[in-house]
Amino acid sequence: MPISRSLGLAAAVAILFSPCAAWSAAPPAVKVEAVVTGLSSPLGLALRPGTNELYISDSGGGQVSRVLTDQPAKMTPVITGFPTREFPGAKFQVGPLGLTFLDRLRLAVGGGGARDGHDVVYIFNPPVADTPFKLSEAKQTLGPLAPRNGRGHSLGFFHGLAATPYALFVTTRGDSSAGWIARAISPEGANTADLQLAIDTKSLSGMGGPTALTVSKRGELVVAEVGDYDKPADARLAFYDPKPKQGRLLLSVGTGLREISALAYGPTSGALYALEPGWIDGKDAGLYRLDAVMADGKMAVKALKIIELDRPTAMAFAPDGALFVTVLGPVKEGGEKTGHLLKITGSL
């Protein structure tokens, strides 16, 4: 489904292209430095609005930690005690997953370490002191989610989180039969309504595996969707209008990537960036810029590799344009803490 029938070509171009982006066909020169090492399966990042506080899901360690972007070498645990379990099909532990701020005072944490069908989304007021919170001190929990119409049993594993001024959106999947975006109405300063299944990605786009999630400047939900692992390079980008009760697919385009673990727009260029984790082939892993192109008269995406990375999982841009990325690092037996937080600077 290259373009939704309700959308004309001009509107599709406007969705994919940022009005302020001027891109070169050559990858930009960037500098990469490791600023935190020894992480255990880091899988989520979020920058607190209006601050230099960067929050990290140190997933395998069952905790969320905080660093300051101007002093990133100092990391402080802020929420501990998350349950962990082995990532399906992999040999590492996962606990807290996606992170996003609903506003300056509320941090949403997607759970992934509970037993099947019992994951929830936690809402915290981040602690001011260095003494970390425990799960029992969450301001609110959302979920768990029950499957709809018997499809997608054991929904959970809340990897992609994104917030608009009125709602929290979360990607979830239970099996290959279903993929969903759940929604929770989130008025500022008030308790958030419980999660409800809102957008049936399997029915709308044909893809059952939503992973990464972000919000465009126009307000569309931008979702990375993957199919079957035995079908290489089938990851797609889907753009949804989040306002209708059941959502509306605006555009779906292939990316040429196998899987996408994170999406983010550059604050200066407006370009859309993606992380390919390289689960199938490590040579694919890295940071990519997703450029809109025309192919055979249809909208398409060209994924331009910026730099190779070692199993990247999450990213967040600082206001100055610096990009922070978490990577799992090399595969090692025994569960060593090989994860890193990287800082990437350059013309992104």
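Reader: Hi! Which strands form a hairpin with five residues between them?

Author: Hello! In this predicted model, strand 25 and strand 26 make that hairpin, and Gly321 in the turn has a positive phi of about 95 degrees.

Reader: Nice. How do strand 25 and strand 26 pair, and over how many bridges?

Author: Their pairing is antiparallel, with five bridges. Strand 26 covers residues 323-327. Within it, Val325 is the bridge partner of Met315.

Reader: And strand 25 itself, is it enclosed or open?  How many of its residues are buried?

Author: Six of the six residues in strand 25 (residues 312-317) are buried, so the rest of the structure largely encloses that strand.

Reader: Let's switch to the core. Which residues have the most contacts inside the largest nonpolar core?

Author: Those are Leu237, Leu257, Ile260, Leu263 and Leu290, in a core of 20 residues. Two or more residues each come from strand 18 (221-226), strand 19 (236-241), strand 20 (248-254), strand 22 (272-276), strand 23 (286-295) and strand 24 (298-308).

Reader: Let me zoom in on Leu237. What does Leu237 touch, leaving out residues up to four places away in sequence?

Author: Quite a list! Leu237 touches Val222, Val223, Leu251, Ser252, Val253 and Thr255, and also Leu263, Leu272, Leu290 and Val301.

Reader: Change of topic: what is the strand order in the open sheet of four strands?

Author: The order is 8-9-10-12, and the pairing is antiparallel. On average, neighbouring strands there are turned by 25 degrees against each other, direction ignored.

Reader: Which strands stand at the edges?

Author: Strand 8 (96-103) and strand 12 (140-142) do. Each has a single partner strand, so one side of each lacks a neighbour in the sheet.

Reader: How many bridges join strand 8 to strand 9?

Author: Five, with the two strands running antiparallel. Strand 9 spans residues 106-111, and its Gly111 is the bridge partner of Pro96.

Reader: Last one, Ser65. Where is it placed, and is Ser65 buried or exposed?

Author: Ser65 lies in strand 4 (residues 63-68). Its relative accessibility is 0%, so Ser65 counts as buried.

Reader: Which side chain joins that of Ser65 in a polar contact?

Author: The side chain of Gln63, at 3.4 Å. Beyond its neighbours within four places in sequence, Ser65 is in contact with Leu54, Tyr55, Ile56, Asp58, Met75, Thr76, Pro77 and Val78.

Reader: Great, thanks!

Terms used
Residues numbered from 1 in each chain as written. Predicted model: local features only at pLDDT ≥ 70, side-chain atom pairs only at ≥ 80, totals over all residues. Heavy atoms only, no water. Core = buried A, V, L, I, M, F, W, Y, C linked by side-chain atoms within 4.5 Å. Buried < 20%, exposed > 50% of the residue type's maximum accessible area, 1.4 Å probe, protein only. Contact = heavy atoms within 4.5 Å. Pairing = 2+ DSSP bridges. Axes fitted to C-alpha atoms, helices over the stretch in contact; angles between N-to-C directions. Polar contact = N/O pair within 3.5 Å; in protein donor to acceptor, adjacent residues only side chain to side chain.
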